[in-house]
Amino acid sequence: MLPKKFTILVLVLIHFGTLLAQGKGFISFEENGLYGFKDKKGKVIIKPQYEQSMEFTKSGVAFVVSKNKWVCIDQKNNVLLESFLYDNGPDYLSEKLARFVENGKMGFHNERCQKVIKAEYDFVYPFENGYAIVCNGCQLKPEGEHSRIVGGLYGLMNRKGKMVVPVQYDSILSVDAKKRMVEVKEGGKTIKVKME
């Protein structure tokens, strides 16, 4: 059994390490209905200017609401990208990539808000088993609180952004990553297509 002092020291170090990992310890604060960030000593680093804010991540970025849009900023307050709105907040990471919006198109970014797959599609689904379904010519149609995708043509990309199934099908019904086969709908018929 470990000595009590050693156990306490380990717990303190773990807690301290977690605090350090959170973006240099910047903490969001609210003033007159707007949010900004202070350092651990209380010095204002980013003045209150955002409608909402999340804390800085270990990767040194934070998501904030600016002009009714979720955007990702760095610790110098540079806007890196506009996040795709998912469930009333910024899109979540799926297989280490999340969706962003640029000029009405969608692409993917990493945990540091670096754009890794260009915004070239009208809609992209999150990555699953190494692949993401994409579409062009489709639209988000509001249905109550949620929206659904209607119309357009669909394809499939890998994590490097390479199209493994061209954007030419009415829908993608299923993806078998192991067999590298995709079930698609084209002209009312269901067919199987091999990934390129």
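**Ground rules**

I am working with a predicted model, where local features need pLDDT of at least 70, side-chain atom pairs count only at pLDDT 80 or more, and totals for chains, interfaces and linings use all residues. I number residues from 1 along each chain as its sequence is written, and my side-chain values use heavy atoms, with hydrogens and water left out.

**Disulfides**

How many disulfides are there? I got two, taking a disulfide as a pair of cysteine sulfur atoms within 2.5 Å. Counting bonded cysteines along the chain, I wrote the pattern down as 1-2, 3-4.

I started with C72 and C113, whose sulfurs sit 2.0 Å apart. This pair links distant parts of the chain: C72 is in strand β6 (residues 69–74), while C113 is in the loop between β11 (105–109) and β12 (115–121), 41 residues apart. For the element names I used DSSP runs numbered from the N terminus, with helices being H or I of at least four residues and strands being E of at least two. The S-S torsion of C72 and C113 is about 95°, so I noted this disulfide as right-handed. My scale is relative accessible area: buried is under 20%, exposed is over 50%, and partly exposed is in between (1.4 Å probe, protein chains only).

Next I looked at C135 and C138, which are joined with an S to S distance of 1.8 Å. Their S-S torsion is about 65°, so this disulfide is right-handed. C135 is buried at a relative accessible area of 0%, and C138 is buried at 7%.

**Positive phi**

I keep in mind that most residues other than glycine have a negative phi. N68 is not a glycine, yet I read a positive phi of about 65° there. I found N68 in the loop between β5 (61–66) and β6, and with 70% relative accessibility N68 counts as exposed.

R180 went on the list too, with a positive phi near 55°. R180 lies in the loop between β19 (171–176) and β20 (181–186). At a relative accessible area of 29%, R180 is partly exposed.

**The core**

Which residues have the most contacts inside the largest nonpolar core? I noted F108, L156 and M157, in a core of 26 residues. The term means buried Ala, Val, Leu, Ile, Met, Phe, Trp, Tyr and Cys residues joined through side-chain atoms within 4.5 Å. Among the elements that give two or more residues to this core are β11, β12, β14 (131–136), β17 (153–158) and β18 (163–169). β14 gives the most, with four residues.

β17 and β18 run antiparallel and are joined by three bridges, where pairing takes at least two DSSP bridges between the strands. The two strands form a hairpin with four residues between them, and G161 in the turn has a positive phi of about 90°.

**Aromatic rings**

I counted six aromatic pairs. Rings of Phe, Tyr and Trp (its six-membered ring) pair if their centres lie within 6.5 Å; planes under 30 degrees apart are stacked, over 60 edge-to-face, and the rest tilted. One of the pairs is F37 with F56, with centres 4.8 Å apart and planes at 65°, so I logged the pair as edge-to-face. F37 lies in strand β2 (residues 34–38) and F56 in the loop between β4 (52–53) and β5, so the pair ties together parts 19 residues apart in sequence. F37 is buried at 0% relative accessible area, and F56 is buried at 3%.

F84 and F123 are also edge-to-face, at 5.8 Å centre to centre and 80° between the planes. F84 sits in the loop between β7 (79–83) and β8 (85–86), and F123 in strand β13, so this pair ties together parts 39 residues apart in sequence. I have F84 as buried at 11% and F123 as buried at 7%.

I also noted one aromatic cluster formed by F26, F37 and F56. Last entry: K38 lies over the face of F29, 4.5 Å from the ring centre, where the rule asks for NZ of Lys or CZ of Arg within 6 Å of the ring centre and within 35 degrees of the ring normal.
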